[in-house]
Amino acid sequence: MGLTITEKIIKNHLIEGDMTPGKPIGIKIDQTLTQDATGTMAYLEFEATGLDRVKTELSVSYVDHNLLQSDFRNADDHRFLQSIAAKYGLYFSRPGNGICHQVHLERFAVPGKTLLGSDSHTPTAGGCGMLAMGAGGLDVAMAMAGQPFFFNMPKVVGVHLTGELTEWVSARDIILELLRRLTVKGGVGKVMEYFGPGVATLSVPDRATIANLGTELGATGTLFPSDEVTKEFLKAQARESDWQPLEADPDANYAEIIEINLSELEPMIACPSSPDNVVPVKEVAGQPVSQVIIGSCANSSLRDLMVAAKTLENRETSKEVSFEINPGSRQVLENGDELGVLKTLIHAGARIHQSGCLGCIGMGQAPATDTISLRTFTRNFPGRSGTKNDKVYLCSPETAVASAITGKITDPRDLGPAPQLEMPDQFIINDNGIIPPLEDGSNVEIIRGPNIKPLPEFDPMPEDLKATVLLKLEDNITTDHIMPAGSKILPLRSNVPAISEYVFSQIDPEFAKRAKNNAPSIIVGGENYGQGSSREHAALAPRYLGVRAKLVKSFARIHKANLINFGILPLTFVNPEDYNSISQGEQLTISGIKQALLDGADTVEVKHEDGSTFEARLDLSERERQILASGSLLNWVKAQL
Ligand code: MIC
Ligand code: SF4
């Protein structure tokens, strides 16, 4: 039987397990990436392995999140990361060089290879035929140490594209349509693989936008074939030698096939406050907007800036709107300058920022009270913008620029004929923002600022667990709820005791205090618990506060892996209705939990205070059981050595 692209790449990299969907496998990782907000912790973890050099083919450390330097802390972290890269043989992408996913696509992504990144949008490189996945920092540290990456063999969903996009409709609208149909949990346990005649009509940056936002479906990854379009892109990046053809076999067996006729799509928009709250733009058109931003790893390529510039030729942006551009990379900036794109944008009233994540993770650009902010970003989870009760809408660059012109949410088709885009055959390539690895870094001194604190030590799983229910939460809780980001909290990423003070702070400002006074504790939640980012701090910091278990209806993939890595027991309800029997504040007891883990038990009995019981599931591999019993992945690895 024929293979999908996903199966082909996994087969070539398989180290452990067999390729049965849902079963644990371990694969070889060729490349890794980290960004600064997760990277500081990932490198502290890599240091703990005692190795003197990364073991991957290529590893890159990016600085793109914590660019705001309101005191010494972020700047110190940047210097720490640069010295780590020099010592351990990594490329270092300097602050201002661009968003990790954009730069990786431009300069490093290779069809057919595997990439693991400590950022949930790592699948962006799937736009170029690479099996790219997000993971917690510790899993990336292990991959840098040459260890396989363990995850469950995904189901492969085929997305069959036919037809061609019409004027003013773009790649962003394709993935918005998919989010509308499937929701933020529709992709869990799956790789979305695109095929069919519509694929050839999409450029690599278009494909990257779709692959990037596959993360919002909860998907493990997204894959596009590597074809002539990919070859042209790599050629324009002066990397044609990295190209190899890659496509699914004609008789490949997809677990499920989704049909999308590109000709039928229209401009779409995600309303507050979830990326899947999608409607056609025309349904919400006419509402006044105060801010429009084109940026983030989803939509900040040269193509996206060019759409805005071409639309703005002989037009102006509204005086009521702050129209802002966050270019994806310095390459985008430099090429945009050469082609006159920047000049047109500036002339039409745009505020041009440096390349980086910026407002996408609440590092500035917070919108005004009670006003609509329209963004081409990835996520609009409540409060992520930095403004309480924010009203953030997510859309294509076409819809964004049309709305910036009129000052209201606008279907770009109302502007008349769409501009023609002419992309260069050859980009200006200038890698001076990237420092290559040293041949020998043994003499490099690591520069450690005072904000960098050592990793806490964690004790093994107790024999019996008696834990207080500290919070009972609903469905689709995000890691932004668990461990918020933003300019105040992000600088604490390398300081676990300090960042722990903010766990669940948006939901309950007293949470950290309550947790410390009531350890050990347990959190109860609904479906798709922990969706969103890869930040391992959403596991590490609660663990530091004494959270020992989470009991939910279902988990998001990366968060579950992070919980296991830091010794928090991930339990699911056997009968989801038992969720209703639990009250916040009560004590739950699981007797013999450690033994149950080691014995391979699939379920355990959970006892309420009144003695009544229900069953919870332990959906774990043998390796995960051992990690949980030893208290953390690092404890387990050390014990193995
Ligand atoms: C995000 O978009 O939420 C982030 C910030 O890039 C995170 C990583 C982090 O929290 O550092 C992600 O997507 O993994
Ligand atoms: Fe950065 Fe936003 Fe992309 Fe996360 S989603 S990597 S914060 S641009």
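Me: Which residues does Asn635 touch, not counting residues up to four places away in sequence?

Reply: Asn635 touches Phe458 and Ser630 on that count, where contact means heavy atoms within 4.5 Å. This is a predicted model, in which local features need pLDDT of at least 70 and side-chain atom pairs count only at pLDDT 80 or more, while totals for chains, interfaces and linings use all residues. Side-chain values use heavy atoms, with hydrogens and water left out, residues are numbered from 1 along each chain as its sequence is written, and chains are lettered from A and ligands numbered from 1 in the order in which they are written.

Me: Where is Asn635 placed, and what does the side chain of Asn635 reach at 2.8 Å?

Reply: Asn635 belongs to helix α22 (residues 633-640); helices (H or I, at least four residues) and strands (E, at least two) are DSSP runs, numbered from the N terminus. At 2.8 Å its side chain reaches the backbone oxygen of Ser630, and a polar atom of that Asn635 side chain lies 2.7 Å from the backbone oxygen of Phe458.

Me: Switching to the ligand, how many residues surround ligand 1?

Reply: There are 14, the closest being Asp119, Ser120, Arg493, Ser534 and Arg535, with a residue taken as near if one of its heavy atoms lies within 4 Å.

Me: What distances separate oxygen atoms of ligand 1 from side-chain N or O atoms of Arg493 and Arg535?

Reply: For Arg493 the distance is 2.8 Å, and for Arg535 it is 2.6 Å. A polar side-chain atom of Ser120 also lies 2.6 Å from an oxygen atom of ligand 1. Ligand 1 taken alone exposes 340 Å², of which the protein buries 97%, with accessible areas from the Shrake-Rupley method and a 1.4 Å probe.

Me: Where are the cis peptide bonds that join Pro272 and Ala519 to their partners?

Reply: One joins Pro272 and Ser273, with omega about -10°, and Ser273 lies in the loop between β13 (268-270) and β14 (278-280). Another joins Ala519 and Pro520, with omega about -5°, and Pro520 sits in the loop between α17 (511-517) and β22 (521-524). Most peptide bonds are trans, and most residues other than glycine have a negative phi.

Me: What about Thr183, is its phi positive or negative?

Reply: The phi of Thr183 is positive, near 70°, and Thr183 is found in the loop between α6 (171-182) and β10 (190-195).

Terms used
A polar contact is a pair of N or O atoms within 3.5 Å; within protein, one must be able to donate a hydrogen and the other to accept it, and residues adjacent in sequence count only if both atoms are side-chain atoms.
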